[in-house]
Amino acid sequence: MRAPRILIPILAFIAACSAAAGSAAQQSLPQPNRTTPTSALGMKQSFAPVVRRAAPAVVNISARRIVRQQTDPFWQLFYGAPRPRVQGSLGSGVIVRSDGVIVTNNHVVEGGQEITVSLLDRREFPARIILQDPRTDLAVLKIEPPAGERLPTLPIDDSGDAEVGDLVLAIGNPFGVGQTVTNGIISALNRTTDPTGAEAAAAYIQTDAPINPGNSGGALVDMDGDLIGINSFILSRSGTSSGVGFAAPAPVVRRVVETAVGGGRQVVRPWLGARLQNVTPDLASSLGLRTPSGAIVADVWAGGAAARAGLRQGDVITTVDGQAAVDAAGINYAIGTHRPGEAIQLGVLRGGRSQTLTLRAEAPPATPARDERIIQGPNPFDGATVVNLSPALADELGIDPFAGPGVMVTRIARGYAMNAGFRAGDIVRAVNGRQIRSTRDLEGAVDAPARVWQVTIERNGQPVTATFQV
């Protein structure tokens, strides 16, 4: 654009001086602060630069699995065995390492026997699963690019500086139509409950960037072109985007990827070692807190990380690593994103005084040992596989680690247990009045012959007592 000639402001000054008095009075009023664009970018704002950086690292994923249907033997006698049926799923993924490491949603590849990854340039590669983490619904894949080729990647931004209102892009493969980019904002952060009200495995990012079936496993990207989340699920009555989508946040993604490339077979999440209760408005008032935020310590696991850090029953956790603690789920999430062995600073209110405790991140204890046993014989648990409940197993299953000690049913095979209505996840509490604290206790209890069996189990946190005749 050419520089303005000096004549133009001179003429404007002369015109202003010759204006009428009334007009001069109007010109003395404040004028709107408007500026003309000074570049092509200013005249035509676009997300294209961000997309050019991010899109090559977002891939399409297809998974095929063979399903063999079970039919009645009498039906097979006349019509033959049913043919195996091939099921397929489509989703998206993100290349996070140039040697072909890809992160996606676990539900995209779960059970997949043939997994194919398609790059933006339409090349296809077979992929293998190197880690699955059902709790966060994340999985890590590996493809083998040509020797010496470095694939495009998206850097994982787990700095935690994302804010509600930030612009974001969702990149994926909705409905299998091909790579698609949508935009929106971060609608909320730290969503720690799922739609059923249960505690989630991650503090999800909520966005109104349109996400549809097929976007699962795709990238949620900020305006720096960095990966801040993996698009995971939507809330919708119609099954299509309604502006309420959720992405697993970058800290969770990084922990899963680090575990996978480090050769781990299971993500180890540090455990606080304490049972927490949200601070309600009534509790906040009684504790002298200005706002009902944070969590009160209801119980401490003997010998656990919290106990060794000096945390006591009745303490109120107000901050984690200097960040305000919103609720119990948020505290557990913040601790779970650390690596085992790292030091975590907890801000605690005790007796009206604030103090800081140092917690050493560690995995939940796997004691007692699982001691898996299959129960057989003329008893209500015939055909059930049971294990000892420990904090490690409880964390793996996403249940309350303080539910033990006890015995959990993990599998039901053919036998009386199936007909009796037992389910995987039931916790056995008592058999014929005898308290059950280990699989050895249960095996000893059912070895004693009996005509009538009275069994107490815990299901979904509720005790259930039933009587059986075997």
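**Exercise 1. State how many helices and strands the protein chain has, and what share of its residues is buried.**

Solution. The structure is a predicted model. Step one concerns the secondary structure: 13 helices and 25 strands occur in the protein chain. Step two concerns burial, where a residue is called buried if its relative accessible area is under 20%. By this criterion, 40% of the 470 residues are buried.

**Exercise 2. Determine which residues of strand β6 lie on each side of the strand, and whether they are buried or exposed.**

Solution. Begin with the extent of the strand: β6 covers residues 138-142. Next, assign the sides. Leu-138, Val-140 and Lys-142 lie on one side, while Ala-139 and Leu-141 lie on the other. Finally, apply the burial criterion: five of the five residues are buried, so under the cut-off of 20% relative accessible area both faces of β6 count as covered.

**Exercise 3. Identify the strands that are joined to β6 by bridges, and give their direction relative to β6.**

Solution. Consider β3 (residues 101-105) to start: five bridges join β3 to β6, and the two strands run antiparallel. Within this pairing, Asn-105 has Leu-138 as its bridge partner. Then consider β5 (residues 124-133), which is likewise joined to β6 by five bridges in an antiparallel arrangement. Here Leu-131 is partnered with Val-140.

Conventions. Residues are numbered from 1 along each chain as its sequence is written. This is a predicted model: local features need pLDDT of at least 70, side-chain atom pairs count only at pLDDT 80 or more; totals for chains, interfaces and linings use all residues. Side-chain values use heavy atoms; hydrogens and water are left out. Helices (H or I, at least four residues) and strands (E, at least two) are DSSP runs, numbered from the N terminus. Buried means under 20% relative accessible area, exposed over 50%, partly exposed in between (1.4 Å probe, protein chains only). Two strands pair if DSSP finds at least two bridges between them.
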